[in-house]
2 protein chains.
Amino acid sequence: MTHPTATSHCILTGDRPTGPLHLGHYVGSLRQRVALQQLHPQFVLIADLQGLTDNGSRPEKIASNILEVMADYLAVSIDPLRTTICLQSALPALAELTMLYMNIVTVSRVERNPTVKHEIQQKGFARSLPTGFLVYPISQAADITAFGADLVPVGDDQLPMIEQTNEIVHKMNSLMRAPVLRHCQALLSATGRLPGIDGSAKMSKSLGNTLTLSASEQEIQRAVSAMYTDPSHLRISDPGKIEGNVVFTYLDAFHHDCEKVAEMKAHYQQGGLGDRQCKNELEDCLQTLLAPIRERRQQLSADKETLLGILKQGSEKAHEHTQKTLLAVKRGLGLPVMF
Amino acid sequence: MTHPTATSHCILTGDRPTGPLHLGHYVGSLRQRVALQQLHPQFVLIADLQGLTDNGSRPEKIASNILEVMADYLAVSIDPLRTTICLQSALPALAELTMLYMNIVTVSRVERNPTVKHEIQQKGFARSLPTGFLVYPISQAADITAFGADLVPVGDDQLPMIEQTNEIVHKMNSLMRAPVLRHCQALLSATGRLPGIDGSAKMSKSLGNTLTLSASEQEIQRAVSAMYTDPSHLRISDPGKIEGNVVFTYLDAFHHDCEKVAEMKAHYQQGGLGDRQCKNELEDCLQTLLAPIRERRQQLSADKETLLGILKQGSEKAHEHTQKTLLAVKRGLGLPVMF
């Protein structure tokens with residue numbers, strides 16, 4: 001992989017290691033990364049520090065999931081020869097840039113960030129809001145800019161993060177003789193967010209409405225069986241609804257044959273196509289997708305040493321890369337660079 | 001210098017490089033450091049990152065004062081062979097520990113810190129409060145604990161910082177199998193804060209009521225001439241007041257002969273001792289103190305290379321030292337240590 005220059009694109013993406021990755025991650029980001037690694041230099045950050053911002057008192061939850069996420073990445077074919085997989089806490093430049101950026105962002109500006117506002121409400125923080133959680137948009141700006149990333153794959157709920165990053169880039173560059181930091185843009189996913197198997201918008205382990213990438217054959221079978229369809233579709237001959245029907249949402253997301261899915265939809269809406277048949281089709285499709293992932297994941301998980309070795313190698317490469325940005329920023333601000 | 005162990009004391013102190021140091025620093029801390037370096041391992045931190053917390057948009061102000069402060073230190077005989085002088089921005093462990101500690105300190109807790117509350121008011125921040133300024137008590141806790149310092153020379157207005165640091169030490173240690181961080185205590189200065197030459201409590205360059213360590217003979221003369229005494233002491237024969245009389249406060253702080261000062265005070269209170277005579281005594285004393293400091297400072301300032309070299313050497317030593325704490329904390333939390 002060559003280092004990105006001002007003219008070539010560079011991608012930064014990643015996950016908080018708070019649990020094993022699931023089908024929602026697969027559709028929303030992992031699949032895209034496997035495609036993107038063919039096109040551009042790509043860094044994937046296991047964001048353990050960000051994971052700690054709302055798990056400060058449960059470090060073991062974050063620590064124990066780092067290699068799990070690593071196994072997920074490799075199992076879905078993120079290729080460490082094409083994608084640099086690295087650990088956030090191993091990269092001091094990210095913390096050092098955060099410290100510098102915090103001085104040019106006001107508290108009221110981070111409090112106004114819509115994503116953070118929403119998450120604070122969602123997590124029920126109120127007065128117990130950890131300082132690290134409040135400032136995580138600044139830390140994310142440090143991540144993006146340290147890597148010189150100009151393309152950041154995000155969901156549309158994360159757009160305020162990109163906006164805030166570009167504000168920081170603009171302000172920091174204005175303080176230096178010549179601009180050092182690169183502006184970035186969101187790379188919005190073509191697929192929307194995958195709903196939980198119960199039909200709720202959010203797929204989450206705690207709601208029990210998810211399918212992890214390591215799900216067993218039986219778990220996949222049970223999940224598809226329990227999947228929310230059209231509750232008013234009582235007899236096979238009844239016309240059924242597609243909207244909000246999780247089976248069809250999943251068929252759209254996972255089935256390789258769009259035409260077949262279109263035909264099934266038409267048939268279902270007309271009446272005469274049963275839920276069981278649709279579910280069988282989906283189950284086949286998920287079993288086929290997940291069997292090799294599960295198998296690779298099992299092999300990978302058994303060899304922590306190798307996983308750690310790959311993460312170390314990626315982190316070393318990322319360290320070298322992010323240090324360059326840090327040193328350029330320090331020099332730009334006139335701070336002495338000692339070593 | 002040997003590294004401090006759990007049984008030996010270790011001191012951390014320092015200054016924000018926002019301008020050249022003055023007589024207030026000399027009395028309040030520099031003099032004490034010269035004495036303490038004979039007794040304990042001592043680290044003196046040039047806190048450029050902390051200086052940026054309220055100068056985020058004026059990095060040149062901080063950058064240009066780093067070597068000025070360095071020259072001040074050496075000029076007053078802080079000895080780099082006994083005291084490790086180091087630069088905050090050169091030590092990634094300080095930023096990395098700040099990131100970790102921010103997750104266990106709530107926003108409402110930092111907002112409640114009396115020192116920060118007072119300073120926010122004093123600096124007139126209100127809605128424009130930089131995030132870095134709000135979290136600087138956490139960053140200070142990172143500094144103190146990274147060095148394993150158990151003695152921290154502070155003024156009594158800084159006691160809440162020590163309290164907050166110990167809270168963080170307690171919480172962090174509770175998250176690890178075995179305690180890693182050391183509790184600290186304040187080392188309160190025997191001398192109170194030196195007033196400005198105009199008698200106001202705060203000595204500050206912007207108020208023009210200070211005397212820097214590099215003050216010329218004429219500047220010293222003018223400053224002592226302009227010094228606030230007892231405005232009701234009109235004739236030499238009148239009894240004069242000692243309280244609030246800056247000349248006597250300075251004689252207390254700088255004159256080597258306490259008995260002589262006590263006699264002068266008695267004479268002044270009784271009547272018969274003129275302000276001019278007292279000021280002559282003080283001027284002699286300040287000229288004698290500052291002449292060699294000014295001369296050394298001039299030589300030192302002319303050789304930036306050497307100053308930078310000493311700062312680099314100290315920072316390298318401090319880096320090695322603070323990295324040990326960072327790695328112990330990471331291991332304690334179960335985070336992988338990559339390199």
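How much area do chain B and chain A bury between them? In this predicted model, chain B and chain A bury about 4500 Å² between them, 71% of it on carbon and sulfur atoms, where buried area is the accessible area (1.4 Å probe) that two parts lose on being put together, summed over both. Residues are numbered from 1 along each chain as its sequence is written, while chains are lettered from A and ligands numbered from 1 in the order in which they are written. Local features need pLDDT of at least 70 and side-chain atom pairs count only at pLDDT 80 or more, whereas totals for chains, interfaces and linings use all residues, and side-chain values use heavy atoms, with hydrogens and water left out.

**The interface**

- The contact, meaning heavy atoms within 4.5 Å, takes 53 residues from chain B and 52 residues from chain A.
- Asn103(B), Met338(B) and Phe339(B) supply 16% of the area that chain B buries against chain A, more than any other three residues.
- Across this interface the rule finds zero salt bridges, a salt bridge being a side-chain nitrogen of Lys or Arg within 4 Å of a carboxyl oxygen of Asp or Glu.
- Twelve residue pairs across the interface, both residues at pLDDT 80 or more, are in polar contact, that is, a pair of N or O atoms within 3.5 Å, where within protein one must be able to donate a hydrogen and the other to accept it, and residues adjacent in sequence count only if both atoms are side-chain atoms.
- The largest share of the side of chain B that touches chain A, eight residues, comes from α15(B), with helices taken as DSSP runs (H or I, at least four residues) numbered from the N terminus.
- By class, that side of chain B has 29 nonpolar, 15 polar and nine charged residues, with Ala, Val, Leu, Ile, Met, Phe, Trp, Tyr, Cys and Pro counted as nonpolar, Asp, Glu, Lys and Arg as charged, and the others, Gly among them, as polar.

**Relation of the two copies**

**Helix α12 of chain A**

- Seven of the nine residues of α12(A) (residues 246-254) are buried, so this helix is largely enclosed by the rest of the structure; buried means under 20% relative accessible area, exposed over 50% and partly exposed in between (1.4 Å probe, protein chains only).
- The buried residues of α12(A), including Phe248(A), Tyr250(A) and Phe254(A), pack against α1 (23-36), α13 (258-270) and α14 (275-301) of chain A.
- At the start of α12(A), a side-chain oxygen of Asn245(A) reaches to within 3.2 Å of the backbone nitrogen of Val247(A).

**Salt bridges within the chains**

- Over all chains the count comes to 28 salt bridges.
- Lys265(A) and Asp252(A) are joined by a salt bridge between their side chains (2.8 Å, N to O), and because Lys265(A) lies in α13 and Asp252(A) in α12 of chain A, the pair ties together parts that are 13 residues apart in sequence.
- Arg297(B) forms a salt bridge with Glu68(B), the closest N and O atoms being 2.9 Å apart; Arg297(B) counts as buried at 6% relative accessibility, whereas Glu68(B) is partly exposed at 22%.

Conventions. Helices (H or I, at least four residues) and strands (E, at least two) are DSSP runs, numbered from the N terminus.
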